[in-house]
Amino acid sequence: MFYGSGDIMINITKMNNQPILLNNDLIETIEETPDTVITLTTGKKLIVKESVDDILEKIIAFRIQINQMQY
C-alpha cells in the first residue's frame, strides 16, 4: 500500500491480533523461531503472525506496485 511520498508500508498482524503498518525499509532481519520475529534497523523486535514467506510476498507485491506507479 502506498500512503504518501516516502511511506513504504505493509500490513502485518501482531500476536495480539493488532494489525499494524510496517515500513519495510526498516526491516533488518526476519526469522522464524518458530514465531516470526522481525528485527528493525532501530533494534526493535516485533513478533508477528505472518510467516517469513508471507512477509516476503507482501514486500515484493508492494515494490512491484510502487514500480508500476512510477512509470
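Two residues are in contact when heavy atoms of theirs lie within 4.5 Å. This is a predicted model, in which local features need pLDDT of at least 70 and side-chain atom pairs count only at pLDDT 80 or more, while totals for chains, interfaces and linings use all residues. Residues are numbered from 1 along each chain as its sequence is written, and side-chain values use heavy atoms, with hydrogens and water left out.

**Overall layout**

- Read from the N terminus, the order of elements is β-β-β-β-β-α.
- Of the 71 residues, 27% count as buried; buried means under 20% relative accessible area, exposed means over 50%, and partly exposed lies in between (1.4 Å probe, protein chains only).
- The chain has an accessible surface of about 4800 Å², and carbon and sulfur atoms account for 53% of this; such areas come from the Shrake-Rupley method with a 1.4 Å probe, and for residues only the protein chains shown count as cover.
- Among contacts between residues at least 6 apart in sequence, 34% join residues at least 24 apart.

**Strands S3 and S4**

- S3 and S4 run antiparallel and are joined by five bridges; two strands pair if DSSP finds at least two bridges between them.
- A hairpin of three residues links S3 to S4.
- Glu31 has Val37 in S4 as its bridge partner.
- Ile30 lies in strand S3 (residues 27-32) and is partly exposed, because its relative accessible area is 21%.
- Beyond its neighbours within four places in sequence, Ile30 is in contact with Thr36, Val37, Ile38, Val52 and Ile55.
- From C-alpha to C-alpha, Ile30 and Leu40 are 8.9 Å apart in space, and they are 10 residues apart in sequence.

**Backbone in the loops**

- Most residues other than glycine have a negative phi, and most peptide bonds are trans.
- Asn17, in the loop between strand S1 (9-13) and strand S2 (19-23), has a positive phi, near 70°.
- The peptide bond between Thr33 and Pro34 is cis, with omega about 0°, and Pro34 is in the loop between S3 and strand S4 (36-40).

- Glu50 sits in the loop between strand S5 (45-48) and H1, and it counts as buried because its relative accessibility is 10%.
- The side chain of Glu50 reaches the backbone nitrogen of Thr13 at 3.0 Å.
- Contacts of Glu50, leaving aside neighbours within four places in sequence, are with Asn11, Ile12, Thr13, Thr36, Ile55 and Lys58.
- Asp25 is in the loop between S2 and S3 and counts as partly exposed, because its relative accessibility is 42%.
- Not counting residues up to four places away in sequence, Asp25 touches Ile8, Thr41 and Arg63.
- The side chains of Asp25 and Arg63 make a polar contact at 2.9 Å; a polar contact is a pair of N or O atoms within 3.5 Å, where within protein one must be able to donate a hydrogen and the other to accept it, and residues adjacent in sequence count only if both atoms are side-chain atoms.

**Helix H1**

- Leu56 is in helix H1 (residues 52-70) and counts as partly exposed, because its relative accessibility is 40%.

Key. Helices (H or I, at least four residues) and strands (E, at least two) are DSSP runs, numbered from the N terminus.
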